[in-house]
Amino acid sequence: MDLSNLTKALTELGIAVATKPDGGITIDLDTDDHAKSLEAVLAGDYQAHTTISLGIIGTGNVGGTLVQQIREQAPVLKSQFGFTLRIVALASSERMVLGDPAVDLERWRDDMADPHVLAPDLRALEAHLLSVKPHACIIDCTGSDMVSGFYDRWLRAGIHLITPNKKPNAGPMSFWSAIRKAQLAANTHFFYESNVCAGLPVIGTIQSLYRTGDRFLHVEGVFSGTLSYIFNEFDGTVPFSKVVAKAQALGYTEPDPRDDLAGIDVQRKTIILAREIGIMVEPEDVPVQSLIPAALNELELTVPEFMEKLADHDQELADMCADAIRDQQKLRYVGIIDVPSRQVKVEIRKYPLNHPFGRLQGSDNICSFTTMRYKEQPLVIQGPGAGAETTASGIFADVLKLASCLGTPSTPKVE
């Protein structure tokens, strides 16, 4: 390691370095931690280029896929872009592995399955991440309110944060604001591209347009892959309840389809986008047209009981579907942001067959931005909005965005 790289590495670790008249350097090791850091640098543990240490909470479908993507791509990023990604902690609801310094990604599943490893302890995970600063990041792949309760604490402590969890960004404004204030206090980063439409670049696009001064007029989208599939299948030839049952059998719905039919997931995503363009709505300000019949909403039913009784309420949606077909339109379940009126809502709407929403197929998501720059022809983003691979890739893209903010090269090495 040459002196310039050594100086950069030590400075990033908070160690005072002074240049001598003869071109050498003096190093002020005023704590034991600084001495250990110098030893790590000289041993090559802290790379001569940027190193980002990751702690991943939630190692299920999405989290596990993310670990695999990082394991495969990290060597490429190191050789082509000159920075190191290392996973130093993994935690599930039952177990936790802390790396020394990094987790062995060839056997991480075996380690996480070992009943003798640590029980999950978020404060211990936080302390471990803080010990590998300057560039530490927690990736929360859970939907846990308990985990998200640590967000402002972690950001204030100097740990960057990435998450697909929608609830913190769509919940009470007081918590939304607390997260941003924590970021500003410690100059940390919080990224959440996968909150809306998984790996599709929806949030990044809306942020770029808004921050470059474009004025929004209207935002709308099909933000649920489940409900996209259901309304693409629902053409009036089969009752709505049977379409829902088919989606459940194929694994498109949550274990309890009411979690999809209630529309709360779409409401959260719509709230997130509204707040990105300055419409600071509370959840109770956003009306939702639930697909659960009111009569069934009041009953305590098991999932099989609900699915059986749903068939008794097919007629209303059958009539809506018949009206749409008569007008050569398709029903879609959409989140809507009308910017001039500052109204945000979730409802069923009809779209012509030649409209981008009318042409939607399968379980795709779609989002349309009408702005002053994209007024005559709205900007449309469409593609898969669910699934472990796409969601994990959206999270991974946020990791790379963090790396860029930390000063990594924007172009690969050139021979």
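**Ground rules.** Residues count from 1 along each chain as its sequence is written, and side-chain values use heavy atoms, leaving out hydrogens and water. As the model is predicted, local features need pLDDT of at least 70 and side-chain atom pairs 80 or more, while totals for chains, interfaces and linings use all residues.

**The sheet.** I looked up the strand order and got β11-β10-β9-β12-β13, an open, antiparallel sheet of five. Strands here are DSSP E runs of at least two residues, helices are H or I runs of at least four, and both are numbered from the N terminus. Two strands pair if DSSP finds at least two bridges between them. β11 (343-352) and β13 (379-384) are the edges, each pairing on one side only.

Next I checked β12 (residues 364-371) against β13 and found six antiparallel bridges. C367 has I381 of β13 as its bridge partner.

**Helices.** α10 (residues 202-211) lies across β9 (216-222), β12 and β13, at about 5 degrees to β12. Angles run from 0 to 180 degrees between N-to-C directions, with axes fitted to C-alpha atoms, for helices over the stretch in contact. Contact means heavy atoms within 4.5 Å.

**Rings.** I found 10 aromatic pairs; Phe, Tyr and Trp (six-membered) rings pair with centres within 6.5 Å, stacked under 30 degrees between planes, edge-to-face over 60, tilted otherwise. F216 and F369 sit edge-to-face, at 6.0 Å and 85 degrees. F216 is in β9 and F369 in β12, so this pair ties together parts 153 residues apart in sequence.
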